[in-house]
Amino acid sequence: MSVTGQTFGQHLPDQVEKISSLTDAQLELLADVRELHKERSALEREYAVKLQLLAKKAADKKAKKIVALVLGNEPTKAWDENTIAKSTLDKAYTQLIAAMTEASRDHVNLAEAIDVKVVEPLRAAEKRHEEVKKKEIQYYQKLLADRDRVYSDRTKSKQKYDEECAEVESYRQKQERSADDRHAERAARQYEQQQIDMLNSKNAYLISIAVANKVKEKFYSEDLPALENELQELQTRLLTRFVEIVKDAQELQLQHLDTLRSHLTATEATLDAVNPQADQDLFIDYNIAPFSPPPDWAFEPSAVHYDHGNMSVEPAPKVYLQNRLSKCRTKLQELEPVLSSKQKEADQLRKLVDTYTLNSTLGDPNEVLDNYLDARHESTFYATSGVVLTTESETIAAALQGDEGAQSPHTFKSSSFSIPTTCAYCKSSIWGLSKQGKTCKACGISVHSKCELKLPADCPGTRHGSRTHTPSGSLSDISRTSSTISRPECLGPSTSSGEVTPTPSSFARASHTSEEKGPTARVLFDFTPTSPFELAVSADSIVHVLVEDDGSGWVKVADESGAKGLVPASYVEFLDATPASSSSTASLSSGTQPTPGEYVRGLYSYKASGPDEIDVEEGKLIRLTDGPTGGRNYADGWWEGVDENGKTGIFPSNYVEPV
């Protein structure tokens with residue numbers, strides 16, 4: 001005798017498609033019975049003959065589909081007619097057809113009542129459960145996709161690891177070939193960096209293995225059983241609703257056809273005996289198949305690089321792991337309250353569904369069921385994210401053994417760079433205007449996106465040692481906060497759009513800039529400020545220039561009352577001296593002896609884009625200026641020098657090499 005009270009999730013692991021086919025068979029049953037009553041409504045008008053033909057047609061359909069309805073499409077055990085007879089649903093369906101066969105006449109009123117109280121409710125129930133079943137299958141497909149994505153990440157991590165191993169071997173060979181070459185040092189650095197990238201790829205691969213194993217375990221032990229149980233509950237509700245509607249049909253017949261009362265009473269009794277749980281137990285008994293979860297994945301060494309399966313905790317890979325651990329924990333902290341809230345919501349909705357099911361006068365359980373399923377599904381995906389983050393954290397923490405590094409992580413944001421910028425980690429240039437790198441919002445350092453997790457989490461929390469370090473706020477930094485100058489076009493020269501675009505060098509801050517009282521200037525036009533950093537001035541008023549134009553198109557001035565702020569450089573005219581920022585000349589003509597000092601040679605051509613810059617030509621010499629604020633000391637990434645024409649200005653330091 002079969003065991004009662006069994007669940008699909010516990011006894012039919014990984015058989016969602018087979019369970020879904022059972023739901024399809026049940027939905028087909030609703031469609032058949034609905035069609036049955038619809039046709040009967042018409043046949044009732046044609047009396048008993050047509051009704052008998054309909055009953056035979058229904059019996060034929062039942063004969064063809066009863067096996068799939070009771071045992072599924074592909075039962076795993078042998079069965080016979082006695083097995084089908086154990087189904088309470090089969091008994092009810094059989095009695096229903098028998099009652100129709102014995103009915104010989106009816107009338108229009110009964111036909112109309114059947115249309116209203118049977119056909120339409122069946123159509124509504126069929127449509128609703130078809131939609132719910134479709135949603136469940138979509139959820140199942142999403143679970144599969146989510147699982148396969150994690151599996152794919154593991155495969156991609158393995159591929160990436162193999163590629164990095166191959167690159168290590170390639171760079172090693174290059175290093176051997178360039179041992180006596182002038183590029184030996186660069187080849188050695190490249191080889192060392194590639195080794196680090198390889199180890200990072202290895203760590204990522206090991207992490208992806210751990211995550212894939214954990215997600216697999218959750219998928220087969222939690223998600224899949226829960227989904228199968230949901231399908232089981234939907235089937236129960238579907239059959240329960242089916243019974244309710246068909247019982248209504250029987251009640252109509254009892255009211256209108258006293259002569260059929262005995263047959264209809266028997267049919268009602270069999271319908272009352274429909275037990276979805278008993279039929280589901282029968283379905284389970286005849287569909288149990290051997291099942292074992294897929295084995296766990298393990299580390300697979302690369303074919304071109306021998307290695308072990310332990311996490312690499314050498315200095316550089318350790319930094320990557322420490323940063324990744326910090327990110328995982330931060331995300332996990334953000335996820336925990338969301339997951340807890342969603343689980344609590346699902347539990348409350350579950351209780352509400354149960355309450356409404358026991359007492360339908362309190363509310364419609366079907367309406368609440370949709371909300372419960374949505375909350376339950378969202379909770380499942382949140383839980384999967386939690387498993388991923390927890391597994392990553394535990395895997396990395398176990399490898400680090402307490403050495404989690406500095407607890408001052410950088411707060412990076414995506415950045416665009418209009419000039420070559422040196423990566424704080426790999427020391428190479430960051431190129432491009434479309435988010436090619438990241439900049440720390442706290443300390444201002446810039447790195448490649450790929451170098452973000454390689455940088456130690458030792459952010460000082462303040463900007464220093466960077467081109468964006470401005471203790472008092474440079475003009476170019478402040479001017480970027482306001483993009484439009486409000487003034488009539490007839491008052492002075494401006495661009496057609498009114499926008500002031502800073503030059504690349506305007507983002508370099510010379511350490512000797514100060515706000516001492518500078519030269520006197522006369523204001524040419526009225527200016528109305530558009531930001532708190534700007535100063536309102538009137539035409540013909542006298543101001544003192546505190547910080548001269550650094551190429552951004554703005555100067556900082558003080559008026560006669562002592563108020564300070566920015567005004568467009570084209571709005572003022574110097575009275576007593578030429579701005580100190582103007583280009584100076586030096587006696588470095590082509591016909592004289594080179595001036596003693598430090599020289600650099602241009603590696604690439606660079607065209608000056610501001611009045612304070614000079615051109616760099618490939619192969620040409622530039623003499624660096626002296627002093628604590630000149631030459632190499634001018635700013636991070638920018639040096640000051642004198643070109644062959646005697647012009648003094650600044651230029652990108654990564655465009656030249658020492659002579």
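Buried here means under 20% relative accessible area, exposed means over 50%, and partly exposed lies in between, with a 1.4 Å probe and protein chains only. The model is predicted, so local features need pLDDT of at least 70 and side-chain atom pairs count only at pLDDT 80 or more, while totals for chains, interfaces and linings use all residues. Residues are numbered from 1 along each chain as its sequence is written, and side-chain values use heavy atoms, with hydrogens and water left out.

**Cysteines**

Select cysteine 423. This residue is buried, at 0% relative accessible area. A disulfide is counted as a pair of cysteine sulfur atoms within 2.5 Å. Searching the whole structure gives zero disulfides. Cysteine 165 can be selected next; it is buried as well, with a relative accessible area of 1%.

**Helix α2**

Helices (H or I, at least four residues) and strands (E, at least two) are DSSP runs, numbered from the N terminus. Select 16-44, which is α2. Its 29 residues reach 41 Å from first C-alpha to last, close to the 42 Å expected at 1.5 Å a residue; the expected span is 1.5 Å times one less than the number of residues. Of the 29 residues of α2, 21 are buried, so the helix is largely enclosed by the rest of the structure.

**Nonpolar cores**

A nonpolar core is a set of buried Ala, Val, Leu, Ile, Met, Phe, Trp, Tyr and Cys residues joined through side-chain atoms within 4.5 Å. Select Phe8 and Leu321, the residues with the most contacts inside the largest core, which has 54 residues. Elements giving two or more residues to this core include α2, α6 (108-177) and α10 (315-358). Helix α7 supplies the largest share, 17 residues. At least three residues come from each of domain 1 (16-279) and domain 2 (315-400), with bounds from an automatic or database domain assignment.

Which residues does phenylalanine 8 touch, not counting residues up to four places away in sequence? Among them are Pro13, Ile19, Leu22, Gln232 and Phe283, where contact means heavy atoms within 4.5 Å.

A second, separate core has 48 residues, including Val119, Ala249, Leu257 and Leu271.

**Proline 294**

Go to the loop between α9 and α10 and select proline 294. This proline is partly exposed, at 33% relative accessibility. It touches Lys216 and Tyr220, leaving aside residues up to four places away in sequence. From proline 294 to tyrosine 220 there are 74 residues in sequence and 9.3 Å in space, C-alpha to C-alpha.

Two strands pair if DSSP finds at least two bridges between them. Select 599-602, strand β11, and 621-624, strand β12: they run antiparallel, joined by three bridges. Tyrosine 599 stands opposite arginine 623 in β12. Arginine 601 has leucine 621 as its bridge partner in β12, and glutamate 657 as its bridge partner in β15. Strand β15 (residues 656-658) is antiparallel to β11, with three bridges.

Finish with β13 (residues 638-642), which two bridges join to β12 in an antiparallel arrangement. Valine 642 in β13 stands opposite arginine 623.
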